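Below are some notes for a colleague who is coming to this structure for the first time. Please read them with the sequence and the model side by side.

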Amino acid sequence: MPSTAPASAATPPAPSPSRRTAFHPLTVAGVRRLTEDAIEVTFAVPEALAGSYDYLPGQYVALRTILEGRQIRRSYSICAEPVPGEIRVAIKRDLGGKFSSWANEHLKAGDVLDVMSPSGGFISKHPMNGLNHPGDLDVAGEDVFVAVAAGSGITPVIAIARTVLASSDTARFDLVYANKAAMDVMFLEELADLKDRYPSRFALHHVLSREQRISPLLSGRIDPEKLATLIDSVLPTPQVDEWFLCGPFELVQMCRDTLADRGVPAGKIRFELFSTGQPGRPEGSAGRPVAVDPGADSYSITFRLDGLQGKVASPTHARESILNAALRARPDVPFACAGGVCGTCRAKIVSGTVEMEENYALEPDELEKGYVLTCQSRPTSREVTVDYDA
């Protein structure tokens, strides 16, 4: 995950993108309809928990509740610039999504959900000089930022854009935002307000796949040719200090490949993917059921969490992840998406070896230090020890 520069002695340190997370019950202060299929939910953060919910623009929280007798947790990006005393997320209804459908139909002010403390590395490399003070983002000079988002991918991006534009009189932010139709555009009024407030510094390009716009470039799906034209003719590509990409895998990967072809250094690109369901991923808080035969071959997995050591046997034939095995021993092992996207379940390999299937969250320096995503890692040695506290 991107690292942040040390804060000065006169200011508190910024929250770490990979700090230890924990759930706390928070009350819903308000629910606002954004589109027919999306809502904005505001949680009130009591003063006693203020330190647990400091966050950086672009981070996310996981929500946890019981539906139909089963625990469900889902991750949602924070959609507002940091404000003490509240957390705002946007929830878009997914096709077949149990939690998102329930939230859009039934969630209301006064309800209480378990909310995980903020986490995530989809943040600017520019450090924040103070917690929960958007104007203190250290943006100097004529820095240029560009974001490409699709659908609910706008959620973390609008928080980043608001913060960047408010923190400097010279910074510029360009946004390419793809949707099916105008009625699907989340935060339509807020984006228009940003354009009115910063007319010379905020450029907004709506691309609608199912509506005809005046410019052919802004109509239809974003394919490689359209993306190349946008990057080469509309966006200030040579001057961009930082890129933010958020959306489905295909769009994000297309953007990364196109930028790489134009020589944009990987260090200038931040990206976050939509998390999608994967067969066999942990469900609820118990993990995928696995029967352990004491007489059968198995891996021995030892893990450290909150200063305590746990140990669990994992049958070699089960091919279960370290996270899944650990959840069978301790239901409070941290995870959110279980799809290799968010990084909540990361741990450091202390001994033994593992095979990591996917990684969309860890930075190269974290990999070099021995960190893995336990939701994607399976043992390749008889004994493996991981440290969630590292």
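This is a predicted model: local features need pLDDT of at least 70, side-chain atom pairs count only at pLDDT 80 or more; totals for chains, interfaces and linings use all residues.

1. The ring centres of Phe 173 and Phe 202 lie 6.4 Å apart with the planes at 45 degrees, so the pair is classed as tilted. Because Phe 173 belongs to strand E8 (residues 172-179) and Phe 202 to strand E9 (residues 202-208), the pair ties together parts that are 29 residues apart in sequence.

2. A second ring pair deserves attention, that of Phe 249 and Tyr 360, whose centres are 5.8 Å apart and whose planes meet at 65 degrees, so that the pair counts as edge-to-face. This pair links distant parts of the chain, with Phe 249 in helix H5 and Tyr 360 in the loop between strand E15 (354-356) and helix H7 (364-368), 111 residues apart. Phe 249 is partly exposed at 36% relative accessibility, and Tyr 360 is also partly exposed, with a relative accessible area of 23%; both values fall between the 20% under which a residue is buried and the 50% over which a residue is exposed.

3. Helix H5 (249-261) and strand E11 (269-273) each supply at least two residues of the lining, and E11 gives the most, with five residues. By residue class, the lining of the second largest pocket divides into 16 nonpolar, four polar and four charged residues.

4. A search of the whole structure finds seven aromatic pairs, and ring pairs link Tyr 76, Phe 99 and Trp 102 into a cluster. Leu 67 is found in strand E3 (residues 60-67) and, at 9% relative accessibility, counts as buried. Leu 67 and Lys 98 are 31 residues apart in sequence, while the distance between their C-alpha atoms is 8.4 Å.

5. Helix H6 (residues 322-329) is mostly covered, since six of its eight residues are buried. The buried residues of H6 are Ile 322, Leu 323, Asn 324, Ala 325, Ala 326 and Leu 327. What do they pack against? Their partners are strand E12 (298-305), strand E13 (308-315), E15, strand E17 (377-379) and strand E18 (383-387).

6. The remaining remarks concern the protein chain as a whole. The chain contains seven helices and 18 strands, and 54% of its 390 residues count as buried. Among contacts between residues at least 6 apart in sequence, 69% join residues at least 24 apart. The accessible surface of the chain comes to about 17200 Å², of which 50% belongs to carbon and sulfur atoms.

Notes
Residues are numbered from 1 along each chain as its sequence is written. Side-chain values use heavy atoms; hydrogens and water are left out. Helices (H or I, at least four residues) and strands (E, at least two) are DSSP runs, numbered from the N terminus. Ala, Val, Leu, Ile, Met, Phe, Trp, Tyr, Cys and Pro count as nonpolar, Asp, Glu, Lys and Arg as charged, and the others, Gly among them, as polar. Buried means under 20% relative accessible area, exposed over 50%, partly exposed in between (1.4 Å probe, protein chains only). Contact means heavy atoms within 4.5 Å. Accessible areas come from the Shrake-Rupley method with a 1.4 Å probe; for residues, only the protein chains shown count as cover. Rings of Phe, Tyr and Trp (its six-membered ring) pair if their centres lie within 6.5 Å; planes under 30 degrees apart count as stacked, over 60 as edge-to-face and the rest as tilted.
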